[in-house]
Amino acid sequence: MSHAAVEAEIQAKAEHPRAGDGTLEFENAFGRLPTAQAHAPGRVNLLGEHTDYNDGFVLPVAIPQQTRVAMAANGSSHWRLHAAELDRAVEFTLEDPPAEHFASYVYGCLRLARDEGAEIPPLDILVSSEVPMGVGLSSSAALEVAVLRALRNLLGLDLDDVRIAQLAQQAEIQYAGVRCGIMDQMASSLAGTDRALMLDTRSLERRTVALPPGTQVLVLDSGVARTLASSGYNQRRSECEEAARLLGVASLRDVADLQRIESLPDVPRRRARHVFTENQRVLEAAACSDPARFGELMNASHASLRDDYEVSTPELDELVRLLQHHPDVHGARLTGAGFGGACVALCREGTAVGVAADVLPRYRASGHEGRLLVPAHA
């Protein structure tokens with residue numbers, strides 16, 4: 001596809017934005033109006049990959065795309081869930097979990113809210129989402145946070161945004177089978193789109209951080225789908241736990257000297273080295289106002305994820321290489337857990353769409369299926 005064709009594709013999205021708060025979809029699915037609604041964004045992580053489950057530091061920012069949840073009590077004995085984008089519906093009870101994986105995230109939120117003391121009546125629940133799935137932008141966290149926010153609105157639950165993030169993380173761990181850290185849920189629950197969230201995932205201390213002046217975030221999908229639970233994410237987490245055990249620390253966050261890591265066997269050494277150096281990059285980036293230096297940290301992060309953590313793919317490497325060599329890009333890296341998914345780049349302000357229009361045709365010329373995700377026109 002040519003530069004002009006990509007520009008036309010981007011313009012078409014701008015002229016036909018998605019709209020609505022889930023009310024129409026709820027009415028279409030259940031024949032009446034909802035009594036509570038909520039939404040939550042996906043996120044893109046600028047730096048701090050695979051550090052959250054090692055008690056480390058992360059620097060995500062929310063993306064414009066939202067997941068919306070609408071709900072109402074249905075007066076029956078079953079919970080009914082309809083996923084608009086999947087065009088699928090499922091019924092379950094809180095004692096008989098749904099077999100469908102997509103419903104396990106919602107089911108987990110309901111169960112955990114009940115464990116917090118909420119009396120949850122059988123509900124009709126509509127889920128509608130603009131957050132791209134399977135590309136590392138935390139569509140599952142956006143779903144969990146939106147469900148819990150809707151429950152808070154419906155039942156008047158005393159849950160603050162941090163507690164919602166904590167329950168959302170547990171829903172993913174206990175009911176969806178992904179041993180995730182808390183970054184995604186904290187970002188979806190607390191981050192904005194104009195400032196990054198600097199988060200210490202051990203203490204949950206946090207502050208918002210301005211992006212380097214004169215910059216803009218670009219996110220491109222590599223077209224390589226991945227599934228977190230089967231992609232090696234849990235294996236990497238186990239390898240980090242083994243590295244921490246060999247070093248005699250509770251978490252890789254507690255390693256103060258890179259030289260100690262160099263004494264480990266090959267695999268735990270490289271996993272631990274990524275976590276150690278990535279934490280250093282996040283701390284430096286959070287205090288960095290120089291776009292060029294911020295970009296260098298992103299480039300170094302990708303090299304570490306590719307070589308030490310081994311979660312990149314040839315397609316991600318190619319897309320990142322094209323971005324890193326563009327004159328309007330300060331730096332680029334894969335984002336999310338890896339094994340496919342998306343890349344994030346820090347561009348000169350006002351150039352992100354043009355960068356996408358330059359890079360995507362060259363990426364697609366190699367037979368790949370890249371697409372623009374952020375900036376969004378949703």
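Is Phe30 buried or exposed? In this predicted model, Phe30 is buried, with a relative accessible area of 15%. Phe26 is likewise buried, at a relative accessible area of 0%. Both residues belong to helix α2 (residues 23–30), where they are separated by about one helical turn because they stand four residues apart.

Aromatic pairing was examined next. The structure contains four aromatic pairs. In the pair formed by Phe26 and Phe30, the ring centres are 4.8 Å apart and the planes lie at 50 degrees, so the arrangement is tilted. For Tyr53 and Tyr233, the ring centres are 5.3 Å apart and the planes meet at 70 degrees, so this pair is edge-to-face. Tyr53 is located in the loop between β1 and β2, whereas Tyr233 is part of helix α7 (residues 233–247); the pair therefore ties together parts that are 180 residues apart in sequence. Tyr53 and Tyr233 are both buried. Elsewhere, ring pairs link Phe92, Tyr107 and Tyr175 into a cluster. A charged side chain also accompanies an aromatic ring: Arg271 lies over the face of Tyr309, at 6.0 Å from the ring centre.

Strands of a sheet pair through backbone hydrogen bonds, in either a parallel or an antiparallel manner. In the model, four strands form an open sheet with the order β9-β10-β8-β11 and antiparallel pairing. The edge positions are taken by β9 (329–335) and β11 (371–374); each has a single partner strand, so one side of each is left without a neighbour in the sheet. On average, and with direction ignored, neighbouring strands of this sheet are turned by 30 degrees against each other. Within the sheet, strand β8 (residues 215–221) is paired with strand β10 (residues 342–348) in the antiparallel sense over seven bridges. Val219 has Val344 of β10 as its bridge partner. Helix α11 (residues 314–324) lies across β8, β9 and β10, and its direction makes an angle of about 165 degrees with β9.

A further antiparallel pairing involves β6 and β7, which are joined by five bridges.

Helix α6 (residues 183–190) has seven of its eight residues buried, so the helix is largely enclosed by the rest of the structure. The buried positions in α6 are Met183, Asp184, Gln185, Met186, Ala187, Ser188 and Ser189. These buried residues pack against both strands and helices: the strands are β1 (36–47), β2 (57–73), β6 (195–200) and β7 (206–210), and the helices are α4 (139–155) and α5 (161–175).

The protein has an average pLDDT of 92, and 93% of the residues score at least 70. Over residues 10–19, pLDDT stays under 50, and the model has 14 contacts beyond four places in sequence for this segment. Where pLDDT is low, the predicted coordinates should not be read in detail.

Notes
Residues numbered from 1 in each chain as written. Predicted model: local features only at pLDDT ≥ 70, side-chain atom pairs only at ≥ 80, totals over all residues. Heavy atoms only, no water. Pairing = 2+ DSSP bridges. Helix = DSSP H or I, 4+ residues; strand = E, 2+ residues; numbered from the N terminus. Axes fitted to C-alpha atoms, helices over the stretch in contact; angles between N-to-C directions. Contact = heavy atoms within 4.5 Å. Buried < 20%, exposed > 50% of the residue type's maximum accessible area, 1.4 Å probe, protein only. Phe/Tyr/Trp six-rings, centres within 6.5 Å; stacked < 30°, edge-to-face > 60°. Lys NZ or Arg CZ within 6 Å of the ring centre and 35° of its normal. pLDDT = per-residue confidence, 0-100.
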